[in-house]
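Read each with the structure open.

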Amino acid sequence: MGLELFLDLVSQPSRAVYIFAKKNGIPLELRTVDLIKGQHKSKEFLQINSLGKLPTLKDGDFILTESSAILIYLSCKYQTPDHWYPSDLQARARVHEYLGWHADCIRGTFGIPLWVQVLGPLIGVQVPKEKVERNRTAIDQALQWLEDKFLGDRPFLAGQQVTLADLMALEELMQPVALGYELFEGRPRLAAWRGRVEAFLGAELCQEAHSIILSILEQAAKKTLPTPSPEAYQAMLLRIARIP
Amino acid sequence: MGHSGRGRSVPTMGLELYLDLLSQPCRAVYIFAKKNDIPFELRIVDLIKGQHLSDAFAQVNPLKKVPALKDGDFTLTESVAILLYLTRKYKVPDYWYPQDLQARARVDEYLAWQHTTLRRSCLRALWHKVMFPVFLGEPVSPQTLAATLAELDVTLQLLEDKFLQNKAFLTGPHISLADLVAITELMHPVGAGCQVFQGRPKLATWRQRVEAAVGEDLFQEAHEVILKAKDFPPADPTIKQKLMPWVLAMIR
């Protein structure tokens with residue numbers, strides 16, 4: 001058994017790893033773990049990753065979680081083109097600088113619209129309007145920093161070429177976009193950056209990776225989303241409670 | 001912040017680290033640099049005086065956060081990025097961030113995980129238990145404090161069960177950046193008076209190992225400020241007004 005990747009394309013970090021692997025021709029066995037159904041909290045999956053999170057990489061006996069760690073591991077193991085995770089000291093530092101800020105200001109924040117509009121209602125929970133507003137403000141603030149501090153007048157977030165930073169960022173931004181947030185409206189620099197990243201990755205790969213999240217509202221409306229398991233239900237309630 | 005006191009500009013001294021040892025990530029950077037004999041100019045940015053919110057500091061880091069590193073014209077923020085930069089530039093012993101692919105992935109994994117988990121709980125524990133009531137004079141409801149401490153408890157359990165397990169250090173038999181980042185985080189609730197290691201013998205012995213590996217003197221020195229957090233005099237109204245928006249955004 002070669003490399004296995006446990007993922008769900010509903011999840012931003014899962015998409016980042018998926019796109020990276022596909023773009024670089026990294027041989028992976030894909031194992032879909034349905035987040036909405038709650039398969040990540042099943043006994044079987046918890047045996048593989050006791051934290052019950054996606055994505056998870058399995059390389060023989062070696063099991064790795066955290067998308068940034070997985071991306072770095074794959075880039076080194078498969079010696080992907082240098083621009084993804086540059087060997088230059090300062091260039092690489094810029095990637096880590098972005099990833100650190102991303103963990104604080106993007107991660108957690110950009111996923112909330114999915115909880116508000118789809119996952120909460122799926123289990124009969126409504127997120128209070130003031131929290132939705134607060135999240136909208138946080139998203140707008142983060143986008144401002146993204147544009148001003150990280151992008152500036154550079155073509156990509158951490159330098160002159162596409163890096164892991166751009167991939168992580170794009171996939172987070174796609175989440176609220178899929179929920180109807182027009183993030184790129186009135187943000188021409190960011191829109192141009194998105195165009196550059198998607199052009200680099202290729203339209204086909206982007207479509208493949210994004211099709212599930214982009215159809216999520218439709219699936220919710222048609223009531224074709226799975227019912228979360230009892231184990232997942234508790235975890236979902238906890239997650240919703242943590243929305244600031 | 002440091003200045004020459006002379007009219008003309010002086011050649012850069014090399015590495016400058018903008019820190020306040022009140023901050024967990026600053027402690028990790030400080031200890032790492034000192035432990036590895038990395039020469040640097042210390043630039044104190046006093047958080048409780050609001051120096052990080054000044055225009056002068058915004059010139060160094062427009063995001064108004066510490067730690068920040070300046071290496072000639074190169075300015076870098078984010079503690080993990082800074083630690084990795086120092087690791088690579090100064091060719092520190094391998095165990096801090098091993099060359100071995102899988103060993104290194106374990107460190108990367110911990111450093112990624114801790115951002116939204118341990119980091120967040122430790123920060124909130126300090127502010128809800130001590131800094132809000134004592135320093136800012138803002139009462140915190142018993143429910144809020146209880147929820148924060150419960151969250152800390154859950155994260156500590158994960159630290160033990162998922163990362164430490166039965167190993168000497170978080171990612172293997174040797175100390176690494178993961179342990180340094182973790183221990184400096186845990187000293188935040190310790191500084192707030194939380195008995196983090198009580199009833200957690202595995203974590204307690206891990207702490208001893210980390211302190212010994214870092215060096216007792218250096219460890220004490222780096223933690224002098226946080227261990228006095230309970231005794232900070234209350235902020236005057238001007239300072240309080242200045243700091244409140246920043247504090248509220250930081251611990252949301």
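Q: How many residues of chain A are in contact with chain B, and with how many residues of chain B?
A: Contact means heavy atoms within 4.5 Å. This is a predicted model, where local features need pLDDT of at least 70, side-chain atom pairs count only at pLDDT 80 or more, and totals for chains, interfaces and linings use all residues. Residues are numbered from 1 along each chain as written, chains are lettered from A and ligands numbered from 1 in the order written, and side-chain values use heavy atoms, without hydrogens and water. The count is 33 residues of chain A with 30 residues of chain B.

Q: What area is buried between chain A and chain B?
A: Buried area is the accessible area (1.4 Å probe) that two parts lose on being put together, summed over both. Carbon and sulfur atoms give 59% of the area here. A:L51, A:L89 and A:D104 supply 18% of what chain A buries against chain B, more than any other three residues. The area between the two chains is about 3,000 Å².

Q: Which side chains meet in a salt bridge between A and B?
A: A salt bridge is a side-chain nitrogen of Lys or Arg within 4 Å of a carboxyl oxygen of Asp or Glu. The rule finds one across the interface of chain A and chain B. Its N to O distance is 3.8 Å, and the partners are A:D104 and B:K65.

Q: Are helix 3 of chain A and helix 4 of chain B roughly parallel or antiparallel?
A: Helices (H or I, at least four residues) and strands (E, at least two) are DSSP runs, numbered from the N terminus. Axes are lines fitted to C-alpha atoms, for helices over the stretch in contact, and angles run from 0 to 180 degrees between N-to-C directions. Helix 3 (residues 67-77) of chain A and helix 4 (residues 101-116) of chain B pack at about 155 degrees, with axes 8 Å apart. Over 145 degrees counts as roughly antiparallel (under 35 is roughly parallel, 65 to 115 roughly perpendicular, the rest oblique), so the two helices are roughly antiparallel.

Q: How do the residues of the contact of helix 3 of chain A with helix 4 of chain B divide by class?
A: Helix 3 of chain A brings residues including A:I72 and A:Y73, and helix 4 of chain B brings residues including B:R104 and B:D108. Ala, Val, Leu, Ile, Met, Phe, Trp, Tyr, Cys and Pro count as nonpolar, Asp, Glu, Lys and Arg as charged, and the others, Gly among them, as polar. The division is seven nonpolar, two polar and four charged.

Q: Which residues of helix 6 of chain B meet helix 4 of chain B?
A: The axes of helix 4 and helix 6 (residues 142-164) of chain B come within 12 Å and cross at roughly 165 degrees. That makes the two helices of chain B roughly antiparallel. From helix 4 of chain B come B:E109, B:Y110 and B:W113; from helix 6 of chain B come B:T155, B:L158, B:L159, B:K162 and B:F163.

Q: Where does A:K53 lie, the partner of A:E66?
A: The side chains of A:E66 and A:K53 meet in a salt bridge (3.8 Å, N to O). The pair is 13 residues apart, with A:E66 in the loop between strand 4 (62-65) and helix 3 of chain A. A:K53 is in the loop between helix 2 (43-48) and strand 3 (56-59) of chain A.

Q: Which residue does a cis peptide bond join to A:L54?
A: Omega of this bond is about 0 degrees.
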